[in-house]
Amino acid sequence: MYLTKEEEKMLNGEMGEVQERMFRLLVRLGDIYNADKMIPVGSVQVAGVSYKSIGDPGTEFLEDISSKNTKVKVLTYLNPAGMDLENWNEIGFPKNFAKNQLKIINSFKKMGIVITSTCTPYLAGNLPRFREHIAWSESSAVSFSNSVIGARTNREGGPSALAAAICGKTANYGLHLWENRQPNIKIKLETELCYNSDFGALGYLVGKIVKNKIPYFTGIDNADTDQLKSLGAAMAASGAVALYHIDGLTPESDLVNKNDLETIHIGKKELIDTYSKLNSNEKPDIVIFGCPHASLREISSISEKLNGKKLKKPIWICTSRLMKEASDRMGYTDIIKKAGGQIVADTCMVVSPIEQMGFNKTGVNSGKAANYLPGFCKQKVIFNNIDELIEASV
Ligand code: F3S
């Protein structure tokens, strides 16, 4: 791989031990994937933030590198942590967990990483432009940035994203290259989608079918960004899909070559079957919305639906701190609280220790959360649309 003089210096340790270690990791990845060179990245998003995911070894690694005066070179955001970083005690996150989580956050902060703790950085001040090279690691954010924004990123692991942040570069391979962004399977949708959970169910199903491929959708005439984030998140979770195109909706759909592709047809029956597959038919002991993190539009819609209701089961809405503050200002948070629900910022149902907090059966409208909750959090899942889930909570 071609390296500039400055990059050679990084590799030889002339810019310090941490940069050398981090750059070596990027070069090794580049060699494995036959990258021709390194490219600068406009921003980074680092996953592996929750104490639940990285434990003591990850905490010690971060404490070690942050103690060596390491600073990131580009705008770097964080994925959700394992708890609400401000209201963890009030919400009931375990004290010992909180102590460890705060150590991790402190290390990231020392390195200059913005403590955003969200999987929707594009809604919280980190919006890449079309064709900008970035190094993001959260799978739903990777899918959204590649597909809906048309930025370019591979799905980075936690360490490689951190390395990109510290070096300001990534290796030029995979989805950074135009030839690798071409679709290789067509999905013809033959039914209407209404709820965001319909997009989640479709994403879950397509991910299972296409596995790692790049689907080109037809038959989706309209979708807002909340629906697209739901679709992409579920496909990323069930099939590691990091990029999709939708005819007439996503920015590269007119530019790619979509001729002569195998076509899969999906109709109403397939969607109904997916709902049944993901739904344990139990009664939820908690309902959690906001996977990926809820937008202000979603919070506003939930607050409207909860207005005047009294919940028998708790409802959480997971979101970024920024969205929560806007919701506080608009009075949505108070309406939700009055009904018995709460906005939980900085974390989500999958990376927080909900199983330690007494929850066993969780209702979600997200295909991604439905995919992960049984394995990561030992939950029985109730997958349904927002109206049915609210109905099950009153
Ligand atoms: Fe985000 Fe957690 Fe879902 S990180 S995409 S809310 S599993």
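**Close-ups of a predicted model**

**View 1. Leu26, Leu29, Glu156, Thr170, Ala171 and Tyr173 line the largest cavity.** Here α2 (17-32) and β5 (169-171) are the elements that each give two or more residues to the lining. By class, that lining has 4 nonpolar, 1 polar and 1 charged residues (Ala, Val, Leu, Ile, Met, Phe, Trp, Tyr, Cys and Pro count as nonpolar, Asp, Glu, Lys and Arg as charged, the others, Gly among them, as polar). The volume is about 30 Å³, taken as the space filled by probe spheres set on grid points joined across faces, edges and corners. A cavity is a set of points on a 1 Å grid over the protein atoms alone where a 1.4 Å probe fits but cannot get out; a pocket is an open set with protein on both sides within 12 Å along at least five of seven lines, and lining residues have an atom within 4 Å of a point.

This is a predicted model, so to speak for local features it needs pLDDT of at least 70, and for side-chain atom pairs 80 or more, while totals for chains, interfaces and linings use all residues. Residues are numbered from 1 along each chain as its sequence is written, and side-chain values use heavy atoms, with hydrogens and water left out.

**View 2. The ligand takes up the space of the largest pocket** (more than half of its atoms lie within 2 Å of the pocket's grid points). Around the ligand sit Pro80, Cys119, Glu138, Ser140, Gly290, Cys291, Pro292, Cys348, Val350 and Lys368, each with a heavy atom within 4 Å of it. This shell splits into 6 nonpolar, 2 polar and 2 charged residues.

Note on methods:
Helices (H or I, at least four residues) and strands (E, at least two) are DSSP runs, numbered from the N terminus.
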